[in-house]
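This report describes a structure for a reader who is new to the subject. Please keep the sequence and the three-dimensional view at hand while reading.

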Amino acid sequence: MLAVTVAFGFVVALLAPWCVRHVGTVWGPRLLAAYPLSVFFLTLATDYEPARVQSAFDWVPRFGLRWSVLVDGWSILFAALISGIGALVVLYGAAYLRHHEHLGRFYLYLIGFMAAMLGVVLASNLLLLFVCWELTSIFSYLLIGFDHEDAKSRKSALQALLTTGVGGLALVVAFVLLRAEFGTWELGEILGRPFEWSNPGLELGTIVLLLAAAFTKSAQFPFHFWLPSAMAAPTPVSAYLHSATMVKAGVFLLARFHPLFHEHWLWQPALLVGGGATMFVGAALALPQRDLKLLLAYSTVSALGTLVFLLGVGNSEAMAACVVFLVAHALYKGGLFFFAGIVDHETGTRDIEELGGLARQWPALATVASVLALSMAGVMPLFGFVAKELAYEAVFHATLPVALAWLVVCSGLQVAVAGFAVGRPLFSRPRATLAIHHAPEWELVVGPALLAGLSVLIGLWPAEGFSHLLAAAATNIAGQSTELKLGVWHGWTPVLALSFGTVLLGVVVFALRPLWCGMAERATGWKFVGPASLYEASVAGLARLAAWQTRTLQTGKLRQYQVLVLSTAVASVLLALALTEGDLLRFGWKAFSPTEGAVIVAMLAGMAITIGTSSRLTAIAGLGVTGYAVGIFFLMFGAPDLAMTQFAIETLTVVLFVLVLYRLPRFESRSTAATRVRDFALATAVGASVGILVLALLADPTPSALAPYFLAQSEPAAHGRNVVNVILVDFRSLDTLGEITVLGLAAVGVGTLMAMWGKYR
Amino acid sequence: MRSLILLTASRLLFPLLLLFSAFLLFRGHNAPGGGFVGGLVAAAAVALHALAHGINATQRMVVVTPLKLVAAGLGCALGSGLFGWFSQQPYLTGVWVSLPLLGKAGTPVLFDVGVYLLVVGMVTHVLFLLWEE
């Protein structure tokens, strides 16, 4: 059922442009929202215990590619998040981009992404997972570059695609290694049993590759730079892909494989260090930002770091905290991005230094945004507080004091970021320069309002079914039964003190904003050491390498191409001959008959005329003589098909050559003596090596198995007595198909060349 | 400069050459010939026509755009492979049927017709491009 739902999503995506065009820009998106909504309710209705694999249908049975889904708490939780927030984004996007000329295209990408993302989290078949994983990267590319007329958008889109694309390559190799070790593509079977790796190197390799895939996708340090750039996308996209769902795919993957690898020496330290670094770098880089979306993007990087960090802590409490924090973050950060979009949409700016006093204009929106920000800051009694408490408790019980301190510092920075993002635009003094176009429409506000409401509701009265789902998800990724109790009040514990300390720290950091901005200004000179500049340098280096090799090899001079191609051919033939053992030239010399002698003389005479003449026309005639003589040879040795073709070709070649002659400049000898010597040497080498090659082939005593087969099967199997033709159109028709395709392309190419020649003449 | 002899000869030869090219094409499966050489002969007929009557007259006579011939030929060849594919065999597997009057017909013949069309189209296209009055 769920597998079909995912596949159906791609159909909905393809229908989206049609829907928007014919149903309208108001009701079209509302109709499209029915898809994520129905998926959402379907996931809620799905029984996720016990974990099981459902197979829908074979896609490519030969490669073991099946549409099979793994239904358990972890995948259902993600599917619910993707479809639930997805429905809100679809509605929000309609109001946000109502007058955009490519609204239909937007929904094609968005719904397509949704289906792909559902595929990533639900897939049991690793190949299906990989296909969907790559599709999310591609849709993300298309959505970031949605304003494709803007060069910055295009550049950011490419950056995201290349960074996550490298991760995708790592992922496919990791999956192939898993397949080789486990003998199955089904995730359900791989995770479901205790396993001893046959080779520790293989396990290590798989782990490193999985880490690479997840770290690039989830923007972990040092690959974090693509996520802030991705803010070039329309804000609904940032809210959805680059905060709530896609960037969590890496976390999803790591958690998925956690039960399999958590005992490996590399796994938890790598997650702890990588996540910890990301957590700090993201939060610290967020502090001096002025752009509301960049601020939120860096804080998302930090939150992703926290999730990975919690996986690295690794006890079952940390797993539960990770699950809870993931949901809490999706709710408040998705909502805050919605808020950022509204501010941008209604005021035309996202610069928090220019924004102020919005609370008086829009009290309802201000309430919503404040709730979301307080949840982000982890203030009692909101859902964000619950999540943070659980995280602190898990690290506290794991007795990692340094990690705990680190987490508290980073959370404190996040509190300040929440203040910058919402407190300043809403509550600082109103700016006279700020032009407010109009009040936000209800469709823009309903999304964040719902998310804020959920943040309050879950914080105060967590529903039984919801905690149960979270506990099941935590159990799945911890690999052991995990208890989870959601609640605001845990008593007077040291963790509660830490929570208060965090908020205090946040207030101090908030007050010191000028200091952070000044530090950032002084640090701009050091940008060249950052990973983003490394990316820039490597992309630019690749472009320079390509330019260099094009300049060197593709000079546009026909002569040089010939020299290159021919000398390569000579070198490879000579190399092959040198490496072949045995006497190559074991052929019997035989005296030729007078007729054969006459043909040979004609051939040589044609050649001599071609080389010696000073007129192009004569040279062509000489070539024709040689060609016809070759044709006669074919005829004498029993190849009438070849001979006929040779004659026809020679005739047409002469005609075409004469036509070309008219267009060439006057025939004169411009080559220097050195060039002539080089050309002579090369021509001789080509002739000699091809000659030797042919003789060596003839001397090869191994009988061909193909020739007797073709001769025997031509009539009975292929209904033709002319073996040559049967080979061409039946036995080896794929070769012929390739050749005639080249011929057709050559025809188009000649047309293009002639058109350009007319232009540049 | 128009040569009367060439003009007269071409009137006679042009249809004959085309007929000959078709003959080559269809006999190719059992005797020397085939789509490739047939196509070349047909293209040579076009070239002869152009020599005798001038390229403009030839261009008026050839009503099909040569590139369309190329496309049609490629389409024929690609399409001929689908028959085998649809009958659950590898792409391009030959499929033969016995027809009442004509004898046996098979997809390789269609493939060869594709080669023929493509070669005629390609050479004619280049001729038309290069040939200026």
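## The first helix of chain B

The buried residues of α1(B) are covered by elements that include α2 and α5 of chain B. Helices here are DSSP runs of H or I with at least four residues, strands are runs of E with at least two, and both are numbered from the N terminus. The buried residues in α1(B) are B:Leu17, B:Ser21, B:Leu24 and B:Leu25. A residue counts as buried if 20 or more other C-beta atoms lie within 10 Å of its own, as exposed if 12 or fewer do, and as partly exposed in between, with C-beta atoms placed from the backbone. In general, an α-helix has 3.6 residues a turn, so residues three or four places apart point the same way.

Helix α1 of chain B covers residues 4-27, which is 24 residues, and reaches 34 Å from its first C-alpha to its last, close to the 34 Å expected at 1.5 Å a residue. The expected span is 1.5 Å times one less than the number of residues. At B:Ser10, α1(B) bends by about 35°; the bend is the angle between axes fitted to the seven residues ending at a position and the seven starting there.

## Basis of the model

The model is predicted: local features need pLDDT of at least 70, and side-chain atom pairs count only at pLDDT 80 or more, whereas totals for chains, interfaces and linings use all residues. Residues are numbered from 1 along each chain as its sequence is written, while chains are lettered from A and ligands numbered from 1 in the order in which they are written.

## Chain B as a whole

Chain B contains 5 helices and 2 strands, arranged along the sequence in the pattern α-α-α-α-β-β-α. Its C-alpha trace spans about 60 × 30 × 20 Å along the principal axes. Of its 133 residues, 44% are buried.

In the loop between α4 and β1 (96-99) of chain B lies B:Gln88. Its phi is near 65°, a positive value in a residue other than glycine. B:Gln88 is exposed, because 7 other C-beta atoms lie within 10 Å.

## Where the chains meet

How many residues of chain B are in contact with chain A? There are 36, and they meet 34 residues of chain A. Two residues are in contact if their C-beta atoms, placed from the backbone, lie within 7 Å.

On the chain B side, the elements that give two or more residues are α2 (35-53), α4 (66-86), β2 (103-106) and α5 (107-130). The largest share, 12 residues, comes from α5(B). This side of chain B has 25 nonpolar, 9 polar and 2 charged residues. In this count, Ala, Val, Leu, Ile, Met, Phe, Trp, Tyr, Cys and Pro are nonpolar, Asp, Glu, Lys and Arg are charged, and the others, Gly among them, are polar.

## Chain A and its domains

Chain A has 32 helices and 2 strands, and its C-alpha trace spans about 115 × 65 × 55 Å along the principal axes. Its radius of gyration is 35 Å, whereas a compact globule of 761 residues would have one near 27 Å. This radius is taken over C-alpha atoms, and the globule rule is 2.2 Å times the number of residues to the power 0.38.

Chain A is divided into domain 1 (1-164 + 228-249), domain 2 (272-511), domain 3 (553-706) and domain 4 (707-761); the bounds come from an automatic or database domain assignment. The centres of domain 3 and domain 4 of chain A, taken over C-alpha atoms, are 22 Å apart. Their contact takes 4 residues from domain 3 and 6 residues from domain 4.

## Local features of chain A

A:Cys322 lies in helix α15 (residues 316-347) of chain A. Why does A:Cys322 count as buried? It does so because 30 other C-beta atoms lie within 10 Å. Leaving out residues up to four places away in sequence, A:Cys322 touches A:Ala255, A:Leu307, A:Leu310 and A:Leu311. In α14(A), 22 of its 22 residues are buried, and A:Gly314, which follows this helix, has a positive phi near 85°.

A cis peptide bond with omega of about -5° joins A:Glu49 and A:Pro50. A:Pro50 is in the loop between α3 (34-45) and β1 (52-60) of chain A. The peptide bond from A:Met380 to A:Pro381 is also cis, with omega near 5°.
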